[in-house]
Amino acid sequence: MSQPRTLFDKIWDSHVVDQQDDGTCLLYIDRHLVHEVTSPQAFEGLRMAGRKVRRPEATLAVPDHNVPTADRARGIEDEESRIQVNTLEQNCEEFGVPIFRMNDVRQGIVHIIGPEQGLTQPGMTIVCGDSHTSTHGAFGALAFGIGTSEVEHVLATQTLYQTHAKNMRITVDGPLPTGVTAKDLILAIIGKIGTAGGTGHVIEYAGQAIRDLSMEGRMTICNMSIEGGARAGLIAPDDTTIEYIKGRPYAPKGAAWEQAEAFWRSLPSDEGARYDKEVVLSADEIEPLVTWGTSPEDVLPISGAIPHPEDAPNENKATAIKRSLEYMGLTPGTRLQDVAVDKVFIGSCTNGRIEDLREVARVAEGRRVADSVYAMIVPGSGLVKEQAEAEGLDRIFREAGFDWREPGCSMCLAMNADKLNPGERCASTSNRNFEGRQGPGGRTHLMSPAMAAAAAISGHLSDVRELAC
Amino acid sequence: MEKFDKLTAVAAPLPMVNVDTDMIIPARFLKTIKRTGLSEGLFYALRHDKDGNPKDFVLDRPAYRSAQILIVGDNFGCGSSREHAPWALLDAGIRCVIGPSFADIFHNNCFKNGILPIVLPQEEIDKLMEDAERGANATLTVDLENQTIEGPDGGRITFDIDPWKKHCLLNGLDDVGQTLNKAAEIDSFENTQKARQPWLYA
Ligand code: SF4
């Protein structure tokens, strides 16, 4: 009998087109997602070499990073952003690549719309010139971010050179406690393994806490695999996965569905498969978490206090803490719950899906955003927006004083007009708290949608469980 | 892509850990459709104060203005996949980055742009960092063919590198052109996959 294999190994083995003596493989890519920021130079490369896109129908483009989230009737005011979005449209036209344009209701953040359309399916290889491509791993697809030269390579050849990553498994035993969400879970994992803990590995998430999650929650987990340094994150497909895909526009139909489903069910890791690295967490130890510093590994339970650099395990870390605290404008020993926020951002490919918005609505209903806070909600796609409005969530948000906006990346990376001013502090559901990420000098605290909503209402970081829903 | 064989140049020290690609080049400099001219945004927040006035950043000091090598801390290049990070480095003349570890995507992106990223144990990095801090004395010779770095005092360090990546870098190879020569293999892969998983081609 053949060796037991992991989910990752199975996907890898079934996509090798060619292998070189040193083990580098030419890997076939099933789906290629494209956005406006990391693709113009790739299309330009094709044009200069007189090459075409090998499988336009396996490719989908969408503008998301630069699009305005205010009224779109006026188009894009910023000239450079407008040029980038127009360039994407022109490139797609010239090379025959399908695109969801800015005013198409299906437009949204690239990692939200792939799953939403049923384009993301188990067992596939999926790439995009964007590190959070790891999101799609929630379906048991091998999905990873690539650079622009690689985007060009995939456009031209539908393949990529890759070396086999190592297998890592993170098991989260037991059910998540009430009030603790997928975002808290992934922050806890990153806090434990560190931002380089997954480097060179593909992480498979397993255990009851993972199995219990909805697809939305699983996407939140896999999304932030890159913050743990991993090449990709994976969760084995099961009934939850298959139910989610069924009936979506690009899902297989009829007899093809039966065939696809049977194949998907053969993908989970075999009993006895070997992992190069194993990490185990117990779900009942996890509390709602927030980040205090400028790296996603700087996490603490909301009941905690700002750390002292002297307590760091080594000098490098002490220097990093000092630098972070200075940037964040925080004093060691301050209770996290005493830290006031100026802005709240709810959205991004980590937490811009319908379930995230429902979580926010549960906290916001019948309450008011604090006078000192500006809070914005940016749905992950036009369809998420439509769904939220059909459920009346927008009314709850508006009545509570949230600004309800158009879909896009928005203040996750501050490429459009949505940004923090220097020194402003933000409770954010996005994935990166790097210096300047949400605007030069801006200060980011990462947390779950429910916790961000609680911060909006109380005006400071706070424990959503104490707001008693 | 410009090939990389041997480089003799000043090495500049950047001892911070977890330098992310937002720090290498902030998002507002990514609104370009070109690969060139990005050095303007390189390490912008480290180089400028709130009002945009220059701070005393290492690459702006006279001893390091001509640096083509960077000695860096752990997990350099983490975060976003933006290839604008190596483009900005290249635009500022940097051809080699030496550190204890790199984030995967950044590491790959360097090779696609003729930049050699070298991974060495922390002790070696500490020594190179110290040498680099001595300023203009810290001229290193990086020889890719022989996989060696020669230090200012004549000391010699060897490094490991993936043979395929070395080959591409030494010859300045464009992988797209090479892969297109494998069209027959790709066709045959697609035919087999289509027979087994027809829904992927519907
Ligand atoms: S929402 Fe943020 S992290 Fe996600 S793709 Fe957009 S910019 Fe990247």
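**Charges, cysteines and salt bridges in a predicted model**

Glu123(B) is exposed, with a relative accessibility of 59% (buried means under 20% relative accessible area, exposed over 50%, and partly exposed in between, with a 1.4 Å probe and protein chains only). The structure is a predicted model, in which local features need pLDDT of at least 70, side-chain atom pairs count only at pLDDT 80 or more, and totals for chains, interfaces and linings use all residues; side-chain values use heavy atoms, with hydrogens and water left out. Residues are numbered from 1 along each chain as its sequence is written, while chains are lettered from A and ligands numbered from 1 in the order in which they are written.

The C-alpha atoms of chain B occupy a box of roughly 65 × 45 × 25 Å along the principal axes, and 57% of its 202 residues count as buried.

Helix 5 of chain B, residues 122-133, contains Glu123(B). Together with Asp126(B), Glu130(B) and Glu133(B), Glu123(B) forms a negative surface patch (patch residues have over 30% relative accessible area and no salt bridge, and like charges are joined within 9 Å; Asp and Glu count as negative; a charge is placed at CG of Asp or CD of Glu). Helix 5 also holds Ala132(B), which is buried at 0% relative accessible area. From Ala132(B) to Thr148(B), 16 residues along the chain, the C-alpha separation is 17 Å. Elsewhere in chain B, Asp74(B) lies in the loop between strand 2 (69-72) and helix 3 (84-91) and is partly exposed at 33%.

What about pairs of opposite charge? Over all chains, the structure has 45 salt bridges (a side-chain nitrogen of Lys or Arg within 4 Å of a carboxyl oxygen of Asp or Glu). In chain A, Arg218(A) and Asp238(A) form one of them, at 2.9 Å from N to O. This pair joins distant parts of the chain, 20 residues apart: Arg218(A) sits in helix 8 (residues 215-223), and Asp238(A) in the loop between strand 10 (232-234) and helix 9 (239-245). Arg218(A) is buried at 0%, and Asp238(A) is buried at 16%.

Glu406(A) and Lys385(A) form another salt bridge, at 3.2 Å. Here, Glu406(A) is partly exposed at 24%, whereas Lys385(A) is buried at 15%. A network of salt bridges links Glu44(A), Arg47(A) and Glu94(A).

In chain B, Glu2(B) pairs with Arg95(B) in a salt bridge whose closest N and O atoms are 3.3 Å apart. The two residues are 93 residues apart, with Glu2(B) in the segment before strand 1 (6-14) and Arg95(B) in the loop between helix 3 and strand 3 (96-99). Glu2(B) is exposed at 58%, but Arg95(B) is buried at 12%.

Finally, the cysteines. Over all chains there are zero disulfides (a pair of cysteine sulfur atoms within 2.5 Å). The sulfur of Cys25(A) is too far for a bond, because its closest cysteine sulfur, in Cys168(B), is 15 Å away. Cys96(B) is likewise in no disulfide, with the nearest cysteine sulfur, that of Cys110(B), 9.4 Å away. Cys25(A) is buried at 2%, and Cys96(B) is buried at 0%.

Notes. Patches are made of residues with over 30% relative accessible area and no salt bridge: like charges are joined within 9 Å, nonpolar side chains (Val, Leu, Ile, Met, Phe, Trp, Tyr) within 5 Å. Accessible areas come from the Shrake-Rupley method with a 1.4 Å probe; for residues, only the protein chains shown count as cover. Helices (H or I, at least four residues) and strands (E, at least two) are DSSP runs, numbered from the N terminus.
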